[in-house]
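This report goes through a structure element by element. The sequence and the coordinates come first.

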Amino acid sequence: MTESRDTNKPGDLAAAAVVAGSHAEGHETHGKRKKHKVSIKVAALNITSFMDLTFNLLLFFVLTASFSIGEGVVPADLPVGSGGAASAATTAPPMTPLVISLRTFGSLDKVVIQFENISIDPPKDFEALYDVLSRMQDDPAHNRSGQYSAKNPIIIKPDRGVMWNHVVGAFNAIVRARYSNVSFAALPEN
Amino acid sequence: MPKRKKADLPRTELNITSMMDLVLNLLMFFVLTSNFALAELPKVEIPELGAGSQARANEKPDKIVVSVVAEGDSGNAVQIKVGSSNEVAPGDYGRLTQLLLVEKTRSKDVAIDLRADKRLHYESVAPIMKAITEAGISHVNIVAGLPDSE
């Protein structure tokens, strides 16, 4: 028993060498090549821990990445100074500003869009507001022959309770109709 | 005898070379595309504008972002955040102006991204816009959803 244990002790390499030797007996010409092959296999790179690390990193970045943020910006230039849009209105620009008022109606989701100083049917949504504003614009380059220039000031005048979503919707419609001078009315002090 | 049998068995090894290539490529992709600055901003439901949205992708990420967080569907603001660290209580618009004035001295041509929740009422957002203009900043970008890609 002890003898056999001793011969086994040098490990697999010795065992493999013995096996290789026994093979060599059978096929004498290929004996040397077989031995070489065994030593190549021993020199394989152990990348297990590296793979563990890589998978962990991959999982971390997959889970932390946030793709759903489809956020963009609609640029606006607000009038500088105290008073907000009210001061812009009192400086009396040569062109009469178009005042678009937004009012809540019934449930919070609904909004009424009205032009304050011109008589026109209230647009039913912001798509309609965009249509109306486009038709009102004087822009020969885009086949528009209305009476308002693109630089005509437009003031958005929402009620207190109007949702921000609607305010931005109105602003977006105005910017989309290529008006460049848009401001937001300040709330009346009370 | 059993020893010889073991050596005769074919060594079964998975060839993971192509998988490793794939994994490393994925890793590089996520390392390079992940954006941690946005993750620091408070969660806000931004206004959705549908297909006609004029919103453009944010080119300059180093703007001051003023986020206004809504208190559920009540329409009231519950928190105002300047950037990712400075917090202003709703109603304390004087402090908001102060903070923005400090930011303004740091860089001349300052722009603000107003990132307000779509459920807020105008009375909660208007004073914030007023506070921004009182700080002498006129360039305000309103954060909204990008056009739906249909």
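## Strand pairing at β3(A)

In β3(A), R103(A) has V112(A) as its bridge partner, and I100(A) has F115(A). In this predicted model, local features need pLDDT of at least 70, side-chain atom pairs count only at pLDDT 80 or more, and totals for chains, interfaces and linings use all residues. Residues are numbered from 1 along each chain as its sequence is written, chains are lettered from A and ligands numbered from 1 in the order in which they are written, and side-chain values use heavy atoms, with hydrogens and water left out.

Strand β2 (residues 98-104) of chain A pairs with β3(A) in the antiparallel sense over five bridges. Two strands pair if DSSP finds at least two bridges between them. Strands (E, at least two residues) and helices (H or I, at least four) are DSSP runs, numbered from the N terminus.

Strand β3 covers residues 111-115 of chain A. Buried means under 20% relative accessible area, exposed over 50%, and partly exposed in between (1.4 Å probe, protein chains only). In a regular strand the side chains alternate between the two faces of the sheet.

## The sheet of chain A

Four strands of chain A form an open sheet with mixed pairing, in the order β3-β2-β6-β7. β3 and β7 (182-184) of chain A stand at the edges, each with a single partner strand, so one side of each has no neighbour in the sheet. From one strand to the next, the twist averages 20 degrees.

## Helices α6(A) and α7(A)

α6(A) lies across β2, β3 and β6 (154-158) of chain A and runs at about 10 degrees to β3(A). α7(A) also packs on the sheet, touching β2, β3, β6 and β7 of chain A, and its direction makes about 165 degrees with that of β6(A). Axes are lines fitted to C-alpha atoms, for helices over the stretch in contact, and angles run from 0 to 180 degrees between N-to-C directions. Contact means heavy atoms within 4.5 Å.

Helix α6 (residues 126-136) and helix α7 (residues 164-176) of chain A pack at an angle of about 30 degrees, with their axes 8 Å apart. The two helices are therefore roughly parallel to each other (angles under 35 degrees count as roughly parallel, over 145 as roughly antiparallel, 65 to 115 as roughly perpendicular and the rest as oblique). On the α6(A) side the contact is made by F126(A), E127(A), L129(A), Y130(A) and L133(A), and on the α7(A) side by H166(A), G169(A), A170(A), A173(A), I174(A) and R176(A).

## N141(B)

N141(B) is in strand β6 (residues 139-145) of chain B. At 3% relative accessibility, N141(B) counts as buried. Leaving out residues up to four places away in sequence, N141(B) touches V73(A), V74(A), P75(A) and A76(A), together with K63(B), I112(B), D113(B) and L114(B).

Chain A has seven helices and seven strands, and 34% of its 190 residues count as buried. Chain B has five helices and six strands, and buried residues make up 41% of its 150 residues.
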